[in-house]
Structures are given as C-alpha cells and as structure tokens.
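Please go through these notes with the structure open beside you.

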Protein chains: 4
Amino acid sequence: MIIVLKPRTTKQEIARVEEMVKARGLDTHIIEGSEMTIIGCIGDTTRIDIKLFEVDPSVTKVMHVQEPYKLASRAFHPEDSVIDVSGVKIGGGHLGLIAGPCSVESTEQVLEIATTVKAAGANLLRGGAFKPRTSPYSFQGMGLDGLNILCEAKAATGLPIVTELMSTAHLDIFHEKVDLIQIGARNMQNFDLLKRLGDIDRPILLKRGLNATYEEWFMSAEYIMAAGNENVILCERGIRTFESFTRNTLDLQSIPVGRKLTHLPIVIDPSHAGGKWWLVEPMAKAAVAAGADGLMIEVHNNPECALCDGAQSLKPKKYEELIRQVSGIAKIIGKTAD
Amino acid sequence: MIIVLKPRTTKQEIARVEEMVKARGLDTHIIEGSEMTIIGCIGDTTRIDIKLFEVDPSVTKVMHVQEPYKLASRAFHPEDSVIDVSGVKIGGGHLGLIAGPCSVESTEQVLEIATTVKAAGANLLRGGAFKPRTSPYSFQGMGLDGLNILCEAKAATGLPIVTELMSTAHLDIFHEKVDLIQIGARNMQNFDLLKRLGDIDRPILLKRGLNATYEEWFMSAEYIMAAGNENVILCERGIRTFESFTRNTLDLQSIPVGRKLTHLPIVIDPSHAGGKWWLVEPMAKAAVAAGADGLMIEVHNNPECALCDGAQSLKPKKYEELIRQVSGIAKIIGKTAD
Amino acid sequence: MIIVLKPRTTKQEIARVEEMVKARGLDTHIIEGSEMTIIGCIGDTTRIDIKLFEVDPSVTKVMHVQEPYKLASRAFHPEDSVIDVSGVKIGGGHLGLIAGPCSVESTEQVLEIATTVKAAGANLLRGGAFKPRTSPYSFQGMGLDGLNILCEAKAATGLPIVTELMSTAHLDIFHEKVDLIQIGARNMQNFDLLKRLGDIDRPILLKRGLNATYEEWFMSAEYIMAAGNENVILCERGIRTFESFTRNTLDLQSIPVGRKLTHLPIVIDPSHAGGKWWLVEPMAKAAVAAGADGLMIEVHNNPECALCDGAQSLKPKKYEELIRQVSGIAKIIGKTAD
Amino acid sequence: MIIVLKPRTTKQEIARVEEMVKARGLDTHIIEGSEMTIIGCIGDTTRIDIKLFEVDPSVTKVMHVQEPYKLASRAFHPEDSVIDVSGVKIGGGHLGLIAGPCSVESTEQVLEIATTVKAAGANLLRGGAFKPRTSPYSFQGMGLDGLNILCEAKAATGLPIVTELMSTAHLDIFHEKVDLIQIGARNMQNFDLLKRLGDIDRPILLKRGLNATYEEWFMSAEYIMAAGNENVILCERGIRTFESFTRNTLDLQSIPVGRKLTHLPIVIDPSHAGGKWWLVEPMAKAAVAAGADGLMIEVHNNPECALCDGAQSLKPKKYEELIRQVSGIAKIIGKTAD
C-alpha cells in the first residue's frame, strides 16, 4: 500500500500518518521527493480499508499495490483449478459445454432439448427454474417444479444440471439436487447469499455482474471461497455499455485476464451477452479461440414460443453445427470436451 | 408496442406476426410504408415480454411505447406521495434530513452523533448495522448488536432510525425495530428480497443500483409495491461512470425525472456518491436546489477513526453549517423539514 | 511515480528497472516488502510516459502519484482565474450568464432573442453558426453568414458573443469576430485544433468530452495553455451514461472537483446535458448552488420551429423567471453576474 | 418514424402534430390505442431531426424505425465491399494483416520491422508519424520525417503503408504518399476532417471512437461516403468501460453486427484495445474466429525502448507464431490473406 501525502507536508504530519499505519500492524518506508512525500506500507494489507487513511488532511491518495484477493489469486495457486461437476471436468484443458433452454417450461420440452444437445456434444444441461426478471409482471419461472423436471432430464440423459439459485431459502434443496449452482449477474454482490454458499460443497458458477470490474468479480469468488467452498467457476455473460443494439457487450479479454490473475476456470455465455441468436455462433467460436474453459449456450426446440429469451436461443440443428466448428478450434487451442 | 418488420416482408409473413400478437390478447394496426411495414399493438402490454416477438425472422425490432410500471407511475397517481416514517413526513414539500454514522461502532458513538445531528436539524438517524462490503475481509458491521444500539439512540433522542437490510433472515426483526428499511444499491435487483418486502408495512428506502437505468430503478420500486408495500422512497446515491477520481457520479437529473415519471419521494445521498467529505456540502445544496425530498448524509464525530467510510463523513460542526444553508435554499424552493 | 515489481524479483532485475528510471533523469528509492518490491521515482515525471516501464517483464504496474498537468493545476496557481471576455468577467465570484439559440437561423431571430435574454440578465450571447451534427444529412448551420448575424446582434445589444469553432480554417475570422470561442465536446481531443488555439489570445470555452475523465479534460486545457493561450474556461455539458431517457447525465461534482484541482472557471450547460427543456430549470439552480461560475442556456423564441435542439430550449419568459431564482441562490453562495 | 403522443391528447392536438409531420413531406398514419395515440410517419426520414417533434407538448417520444445511414447500409448494398489498398484486398474473404511499430522512430527501426512482419505474413505496414497524445508533453511523433521513412520502407518491401491523419493541413501529402489513411478514435466525430476526406480517393481506415455507438460509428463512415469517398474500412480498437486493468474493452460483437448492418470490412486492433502485449495473441485469434476482415497489430523489435506504447507491442517472433495460428483459424472460417 502506498500513501501519497500533500505537497509541503510537515515532519509532524508525516509522523502522524506513519503512526496510523503502524497502529494497523504495518511497517512504513518514507520516500521524500522534491514535490511530495510518499509512505510505502509493508505487510499484509488485504484486511485494511484504504479509505481509512484518506481521511487524514495530509493525505492525497492511497493506492493498493497488491490484489485484494488471495484464495482466488493465481499468485498463491499457480496451477489451473479443474472443477469436477459430478464427473464432468471444467478447466485445465477440459471444456464445459453447457446447453439447454433459458426457462424450464415442461418435461417434454426439457427432455427433448436435453437429448438433442447431448447428441450434439454438450456435457452439462442448463435450464432456469427460478428466473430473475426486471418486471414483477414477467414470467418468474416454474420454481421447484422446474427443478424436478431438470432432475428427470438428468436421470434420462445422465447430464449433470446447472440452474440458478436466487434465494437462501432454497439452499438445501439445491445442494441436494443441483450439480452446478449458478449465481446470477444481479446477485454477484448479494453478499448474504455468497457467504451462505460456503456452507455447501457443490460447485458454483459465478456470473459477472453487469457493471462489475474484474477485481469485484474475483472478490465475489473470494467471498465464496473464504466461506469454505473453493469450487468456483467464473462466467462472463456480457457487461453493460452504451450500446443498445446488443443487449450487452461480451468482454472476451476477461478470458486471458482471468487466466493471468486467478486459477479458476472461465466459462463464456454468449447468449445472454448479445441477446440475439445470430451473435451466438461467432462469439462462441471467438471465446474458444481466446481460451475459454467452457460455453454456456441457450438452445430451444421452438424459440418462437419460448416463454423467455427465445430471441437469443439457437435451434438444436444450429447448436450441433456450432459445436462441430468449436471442436475444431478447441483442438488447435489444445482443449477437449469430456 | 410497435413491431418493425424487415423490408420486403410478404403479406403472409405480416399475417403470421399479427397472429402472434393477437394470441396475446392485443389488437393490431398495420402501417405499410414505402420501405417497411410496422405493426402497432394496442392493449395492455405491461405483462408482455417484447423479446418474444424479436424471434420471428420477419421482425427487425420491437419497441415499448409505454413505461412498464404502473403502481409507481405518476400517470396513474398524479399527486406526490408523502411517506410517513414514524411521524416524520417525506415528500410533497416535506424534507427528510437523515444523518448519522456509516457504521454503528458503539453506544457512545451513536448517542453522541444522534444528539448533535438532531440539534443541527436532522429528523431521522441513520447507521449501518449490517454492512455490504466488497471484500470478505473488511469489517462487516456489528449486526444485531448494532441494531440494538440504534434503538437505544432512538429511545434517547426520539429520532426514527434508518438502516440497511441485507438478508431475508432479518426481515422480522427489522419490521419490529426499524422505522425506514434501506435496500442497498447492490441489492436493488435482489428480486427475492424485494418480493419479501411486500410482507411488511414499514417504509422502504430503495437505493438506485450503481448502473441501473431510471426504468430499472422504478421497476424495483414496482416489485415492492406489487408485492403489497406501497411505502417506497427512492434514493439516488451516485452511479458508476468512467471517472475514478470520485467514487461515483451523483446524478441530480434523477430528481426532476423521478418527479415527472413517478409519484414517489426522492432522497439524495451525496456522501456515498462522491466518497469525499468536501463534495458533500456543494452537492447537498445542489440536490435541494434541484428539488430533492431529502438528504442522507454521513456524520461522524471522529472520521479519522471511523471503521468505515470516514473519508466521506462530515464532522457535526460542518453538518450544522450545511443544514443552515440548505434550509435557506429549501425555503426558496418551497420545502420544509418537519 | 511508483513502479510495482512482480513477486520474487531478483536483485539483478531490480537493478535493470532502476537503470531505466535513472536514464530518464529520475532518482529512485527502493522499498522491499515481504511479498513485493516497489520503486519510488523522484523528479519531474510530467513528461514521462509511464507505459514505457510496463514493458519490462519484472514490472507489474506503474502509477502516477502527481497530476500530469501544471499550467491548469491549482497546486501551481492557488488563486481562482478570472477570465475577461470583452469586458465580462467569469470566475472568482463573477457569474457568466450565456444565453441564446442553439443555431443561428436569421437576423430577426437572433436579434429578438438577444434583446430578451439581455433584459432577463444574460451577459453573453450564444448561437451556433457551425454545427457539429451526427448525421451528414442534418442541418449543418449557416456558417459564416451565421457568424455575421451574431456580430449584428452584438452591435445592437452590446453582448459579447460565444460560438463554436470546428475547423482551423476559420481560426483567423473567429479571432477577429468572436469574443469567446467554444470548442465542442466532440473536439475536446482534436489535438491539432487545440494546439492552434495557442496562436490566438481570445478566451476559449472548452467543453468536456462525452466520455472524458476530469484528467483528460484538464489535460486538453493544458494543451491550449501550453500552446500559449491561458484564457480557458471549462464547460461541463453532460457525460454519456447508460441512461437513455435523458440525452446525457449532468455531472455537477465536476464543479467542486474542478475548483479543487484547477484554477479555471467552470460553466455548466444544462440544456445539452439533459436534452429536455424541463430539466434546464432545476439543473441550472443546482449548478449555481454547487458553485458554478456560469450557466450556458439555450433560449429560443419559438422552440417548436427551431432548426435544431428546440426540445431543450427555454422560452424567454421561462429564462427570465429562472434567472430571478438563480440570482437568489447566487447571492447565498456569494456570486454576482456583472 | 413513430411519434408517441401523451395520454388524453385531444383531436386538435393530434391534428397539429400531424400537420408538423406533413409539412416535412411525410405521410401519417394514426393509431389510436386505449391509453395512447401514436402517429406512424411514412417517407424518407433520413434527413429529419426527430428531436424537432419532441418539442410539441403533446409528444412523449419520437423513435426512428430505420437506420439513419444509407450508403454504409447493407440494406442498400447487399454484397460485401472489398476495398483495394494499392493491390491488397480487404473484405469479402480477404484478410488484411496490418503490422508495424506504434511510432516511427528511425529508418533502421521501420525497415527492420517491415522486413520481419512481411516475412511473417503481414500484407500492410503501419507506423505512426503524427501521434495523438493525451498530454502536450508526450512525444508527438516524427511528423513528415516519419512519413518519409514509411515511404522508404514501402519502397524496400513493397508493403502498402497505413498511418494516421490528424490535420486537414496534411491532406494533400497523405493523398500522395499514404495507401490507407487512418482516422483515429478521437477524431471519429471531427466532422470537419471527415467531410474533407471526400475530396480524395484513398481508402480510409475509420477507427471507432472510445464511446461511440455502432450507429455513430457507421454515421461517421456515412459522412465520408456522402462526401464522395466510398472506400471505408471500419476498425474496432476497444471501447471505454469501467474496467481499468485493461486500457479498453475490445468489442468483438462489432464484427457480426457490422457485417449485418453494413457492407464495409471490419478490421480489429487488439493492441490498442487491451494495452498489454499478452492480450494481443488470444484476442487476435478470437477476432478472426468471429469473422474479422483483418488485424492491425503493433510489432516492435525492441519494445522496452519504444518511444510509445511498447507495453502493447509484440516482438517479431511472437507475431510470426501468432500469424501461423491465425491462418489456421482463418482457413476454418474461409478467409485468406493475399
């Protein structure tokens, strides 16, 4: 941590700031420049709120020099984490191919889609039972009935299931039935929910918030890990920008950045990012070319009649073609889907 | 709702889209232009997901022409709502002056601050018992002990209390003890929490999310209102922009916009917006000049030692001066603090 | 400047980076922490591109600790600058009240508006002769004819004129005829144009770019000042955010921030910011309450027929009322319009 | 164009708005809904400023239903445009591989880099002679001397050259010497410069502004095309987002969107987007996988000593490896570099 003091700070003022730093268990190192003085602070600053020092009238600014996360950081865990989702590996060269409808609508729908995506090469089945919707008047999902339908599809196809948890009230039943528990973008900083995920040992798919920085995203992973659950997979699903023609802007730089700063696998969701089915195919190929550890793609047998997000869903035929091309690129990049 | 079709759409395709619209209980009106055809859709479109129609290959785009909220909308409730917080009115000319420390730290601290802000003119006491923190390693608040301290300060000063609810597990105790329940920016779209607020009748202070549009913010108010609790106060606390010198950018246009589109009171929090104490005074005056219904300001007797956000806290002396100037401006604008 | 090295950097690597720094005329100061080493660099770093050091494989990041501007900085010029625009002072307690139509449309129009805004209290006349338009098919302004009309209005009313310069080809004629030369938001980083403004001694009204940070804005002022023209007035006109209901978001925190970091006057343009006439009045009052040095407001005698931006123009009657209220607030704040 | 009227608008008011529309040569079509009336406007609305209608007190909002550009639009030009840059084709399956140093520093430097990138497969040479720099104190480029060095390198290697034009004063010499004239992100809406590009027939590489929407970007292309020069290539170089770890965020959705809405080729610049050399390789591969028509990549023989942007430059060896992998992906996608 670096504390920059105001120009013309007196010796007495410097001493006062130094004392504040030392009172928090850190060592200090003074650098007196021609125009300003800075204090280098040495020790574990992870647990220190840097804003505390900004209060002092002699302080101009305070800067962290180290990332504030540890468990999620590659610096402390140099190898790629490989997360095992009920037998399907994601990360470290293993590609997670998650596919399925946005919302669970009926047993027939989910079974049909699950069978076709499995045949196309998917190794995990997704489907929304509880849906976060901007409007209270929109379809909110089938709830626990939807969850049971996913379980039926899992029984029929053997595909582990991925679905979103919105409420701590459902933690136990998700723990029992869901293979990979998704935390949605809007709950990325629902700290109450994050902390409770430490109580279970199911893998978590943590979506990046619409306006979250990388650091905030990795800190949310750290919340889950610090609470006791280290099985976290990151999922980029687009960030909000000025552009309104697309729903969101897919940030594929998150793949190499995530790889450099953390050891956690990164899955890309091109369906929610663009919000248009014809963006899914080019962006999925791009994601794998950039080194993604997985793809989460919405597939619907009848998008025109989907209760939710049909516009961004691929038909099974298109998904099959896409996976064929993606596999070609994955091979060049050195990855395989189990 | 307007559906714009692609150029050179055939009669048959137009008929197919029309049918989709009519199947959802709406009437249609076809406009054939020289280069494109559009379909005007008449009826209640509030409950319709416009993305459903974007799936059709003949459709270019679909646009809402009406706001998607009703209970929060001024169109359906022309008068200003005045919210009664345990006897203190906010809205309709009544200014809510909420002040207190960022975090509750001790009984002495809260009592001292409560007494001084009351003397300065504050009519509500704020203080954080449960703190949403980006890092799991930062101070998370005193929890229920902090809540009890706020209750003591209320007993001593008579000031109703405002504090943040982060978990549905605390809904009952907040209902019992808290006068104005704050929902934080990061939980603005925690839909599970919003729905549960309909179960209680305490007023809610709904903070705008860091990247929320006006419509999303008002829709979150609509969630609470649709669930049965119409006592909602909006709170602007700064939005995230590219600027990193300030913590966030305070959007004061939210005041006239909120007034035009909704009937709910709007309170401004200049402390969290800028993140620097010297921004609080000019922005608080600006907020009242722009017509705000209240101010939420952090005051700390000893900001240098605050456990959280000291850098953005005013000392009691400065708060007193500020309220004096604010009152002058409020008088010009035609508002009074109870 | 601070250079943060990677963990486990060797003595040899540290020496190599030190040498790079010293080769640029700076002194170094090494801080060895438990987990990382940082190098404090002492000397004038204004002219150094910090990205140069990021190339070194041992370097994690490089941070400036000083603002990169000097001539615009309050640190080197503690008193408020007061800019004299052909006899009208702006800054240091003097309020510039700039008003007039978005576009010059005819002699009659400009004369009528100029007369009424002068009567209402305006002390400078604005009007667009050259218009920056997103579409090549939109009205581009009357050009030099428009400039001549403004000169006629100046002759008739005595109000100095403000208008936008878009091309270096018009530099001489603007120098001759225009009292305050406006540089538009889209040209804030047209460095070729900025440099040429040093050739003249007319005051410049420098609008903030739609996505410019404070530092970039102040650096553009520095460009003009470094080229030899120190008469710069800053103008905030709204920044782009996610919100599309308003045209842009007016950032009033720019006023206290600008005051703290620079000595230049700051004028607020609430007309372009919100893009709606009913936002102008509350935001103009807020701007003055926050300490603005001036207001730039669009006034049109017949907004329904304006060739450009009628929706954001006030009618003369409303402008008159606004200036009356603004004067009340200005008095409280300690400012006067000449 | 659609005009949405306020609820409870009278027949008379509707008639007044209709008249305004008809006065601009459009036909109208009234849709009376249960709660609001809308007016569909038929005819060429490209040249109409929709804000004009927002002024009317009965109007709630006005929406374009057609894209405001024509010459750049795929709707009016269904085939891909293939731009010929002095014999090198870009677009329609032809990949432009532009490489070279950020800044021209010396004849030796440019010749060496030109030779190695040509050997690696590049078909165009880039190099900055005039540099747009945020600070007036940073290196501003070698100017015309730099341009002459590029010409020497062209003579030696046969590679056509790409360099940035910042000033209309250099239009003639660029026309004479430069094969592909780059317009930088900061000048994307320097309308004075855009209009003048119609005077020449050299191909233009139009970079997207840091906060430009797709529509604004394509409208800037339209400016150049409407002025008489239809040889425009679009270049995505990253947009500004909240993320500060990377310089900008590369928006690869711009590739399929640009392809759908325009017929112009799209080149990706991953070097400026991320600002870090280790982001270039994954993002370049992703760009080609998503269908880009070209890559513009900074290559420097000695990045540690580069006068500008060394941190984002690849060494020739790395560039060579990259092009080998990119060619593999391009083959799968069906593209070739001439």
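**Notes on the chain contacts**

1. The superposition is by least squares on the C-alpha atoms of residues with pLDDT of at least 70 in both copies.

2. A word on the model. It is predicted: local features need pLDDT of at least 70, side-chain atom pairs count only at pLDDT 80 or more, and totals for chains, interfaces and linings use all residues. Residues are numbered from 1 along each chain as its sequence is written, chains are lettered from A and ligands numbered from 1 in the order written, and side-chain values use heavy atoms, without hydrogens and water.

3. Now the contact of chain A with chain C. It takes 26 residues from each of these chains, where contact means heavy atoms within 4.5 Å. The buried area is about 2,100 Å², and carbon and sulfur atoms give 69% of it. Buried area is the accessible area (1.4 Å probe) that two parts lose on being put together, summed over both. A:Ile31, A:Val65 and A:Phe242 supply 27% of what chain A buries here, more than any other three residues.

4. Which charged and polar pairs cross from chain A to chain C? There are 0 salt bridges, a salt bridge being a side-chain nitrogen of Lys or Arg within 4 Å of a carboxyl oxygen of Asp or Glu. There is 1 residue pair in polar contact, both at pLDDT 80 or more. A polar contact is a pair of N or O atoms within 3.5 Å; within protein, one must be able to donate a hydrogen and the other to accept it, and residues adjacent in sequence count only if both atoms are side-chain atoms.

5. Strands β1 (2-5), β2 (27-32), β3 (37-42) and β4 (59-63) of chain A each supply at least two residues of the side touching chain C. The largest share, 4 residues, comes from β2(A). Strands (E, at least two residues) and helices (H or I, at least four) are DSSP runs, numbered from the N terminus.

6. Turn to chain B. A rotation of 180° with 0.0 Å of shift superposes chain A on chain B, at an RMSD of 0.1 Å. Here the C-alpha of chain A nearest the axis is that of A:Asn211, 3.2 Å from it. In contact are 48 residues of chain A and 48 residues of chain B. They bury about 4,400 Å², with 51% from carbon and sulfur atoms.

7. Between chain A and chain B there are 2 salt bridges. One joins B:Arg240 and A:Glu216, with the closest N and O atoms 2.4 Å apart.

8. Check A:Lys276, in the loop between α9 (270-274) and α10 (277-289) of chain A. A:Lys276 is buried yet has no salt bridge; B:Glu54, the nearest side chain of opposite charge, is 4.8 Å away. Buried means under 20% relative accessible area, exposed over 50%, partly exposed in between (1.4 Å probe, protein chains only). For charge, Lys and Arg count as positive and Asp and Glu as negative; His and the chain ends are not counted. The side chain of A:Lys276 reaches the backbone oxygen of A:Phe245 at 3.4 Å.
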